[in-house]
Amino acid sequence: MALKKSNKLSQAAVLKQILKRCSSLGKKQGGGGGYDQEGGLPVDVPKGHFAVYVGENRSRYIVPISILTHPEFQSLLQRAEEEFGFEHEMGLTLPCEEVVFRALTSMLR
């Protein structure tokens with residue numbers, strides 16, 4: 001039982017790291033140009049959401065943070081880290097076709 005609790009704690013830590021990376025993506029660019037003046041975050045991303053880029057054309061989607069708790073989405077994030085890493089200018093890019101991503105997110109909401 002302690003193992004399950006430890007595993008859940010480590011999952012929570014991983015999710016916090018991902019959120020921190022996602023929320024800091026726009027900060028390098030500062031205010032203006034579609035970014036707010038306070039935190040440098042995109043103004044079109046509502047609180048409690050984050051942007052991801054999906055598919056061959058890197059289409060942008062705004063998704064709720066609550067989606068991060070779903071195992072299917074966590075698996076997609078792990079694949080994204082392996083394939084793209086999280087340290088690049090484009091933002092959080094997911095290795096997934098748009099049709100598959102839309103189907104996944106509609107099931108998880």
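Glutamate 98 counts as partly exposed, at 22% relative accessibility; the term covers residues between buried, under 20% relative accessible area, and exposed, over 50%, computed with a 1.4 Å probe and protein chains only. The structure is a predicted model, in which local features need pLDDT of at least 70 and side-chain atom pairs count only at pLDDT 80 or more, while totals for chains, interfaces and linings use all residues. Residues are numbered from 1 along each chain as its sequence is written, and side-chain values use heavy atoms, with hydrogens and water left out.

The side chain of glutamate 98 meets that of arginine 102 in a salt bridge, at 3.6 Å from N to O. A salt bridge here requires a side-chain nitrogen of Lys or Arg within 4 Å of a carboxyl oxygen of Asp or Glu, and by this rule the count comes to one. Both glutamate 98 and arginine 102 lie in helix α3, four residues apart, which is about one turn of the helix. Arginine 102 is also partly exposed, with a relative accessible area of 41%.

Threonine 105 lies in helix α3 as well, but this residue is buried, with a relative accessible area of 7%. Apart from neighbours within four places in sequence, threonine 105 is in contact with Val63 and Ile67, where contact means heavy atoms within 4.5 Å. Threonine 105 and glutamate 72 are 33 residues apart in sequence, and their C-alpha atoms are 9.6 Å apart in space.

The overall chain gives these details their setting. The protein chain has three helices and three strands, and from the N terminus on its elements run α-β-β-α-β-α. Helices (H or I, at least four residues) and strands (E, at least two) are DSSP runs numbered from the N terminus. Of the 109 residues in the protein chain, 30% are buried. Among contacts between residues at least 6 apart in sequence, 46% join residues at least 24 apart. The protein chain exposes about 7300 Å², of which carbon and sulfur atoms supply 54%; accessible areas come from the Shrake-Rupley method with a 1.4 Å probe, and for residues only the protein chains shown count as cover.

Strands β1 and β2 run antiparallel and are joined by six bridges; two strands pair if DSSP finds at least two bridges between them. Tyrosine 53 has arginine 60, in β2, as its bridge partner. The two strands form a hairpin with four residues between them, and glycine 55 in the turn has a positive phi of about 85°. Arginine 58 lies in the loop between β1 and β2, and its phi is near 55°, a positive value in a residue other than glycine. Most residues other than glycine have a negative phi. Arginine 58 is partly exposed, with a relative accessible area of 32%.

In soluble globular proteins, nonpolar side chains tend to be buried together. A nonpolar core is a set of buried Ala, Val, Leu, Ile, Met, Phe, Trp, Tyr and Cys residues joined through side-chain atoms within 4.5 Å. The largest such core has 18 residues, and those with the most contacts inside it are Phe50, Val52, Phe73, Leu94 and Phe101. Each of β1, β2, α2 and α3 supplies at least two residues of this core, and the largest share, four residues, comes from α2. Beyond its neighbours within four places in sequence, valine 52 is in contact with Ser59, Arg60, Tyr61, Val63, Leu92, Leu94 and Phe101.

A search of the whole structure finds two aromatic pairs. Rings of Phe, Tyr and Trp (its six-membered ring) pair if their centres lie within 6.5 Å; planes under 30 degrees apart count as stacked, over 60 as edge-to-face and the rest as tilted. Phenylalanine 50 and phenylalanine 73 form an edge-to-face pair, 6.3 Å centre to centre with 70° between the planes. Phenylalanine 50 lies in strand β1 (residues 49–54) and phenylalanine 73 in helix α2 (residues 71–83), so this pair ties together parts that are 23 residues apart in sequence. Both phenylalanine 50 and phenylalanine 73 are buried. The rings of tyrosine 61 and phenylalanine 101 have centres 5.1 Å apart and planes at 55°, so that pair is tilted. Tyrosine 61 in strand β2 (residues 59–64) and phenylalanine 101 in helix α3 (residues 98–108) are 40 residues apart, and the pair links distant parts of the chain. Tyrosine 61 and phenylalanine 101 are both buried.
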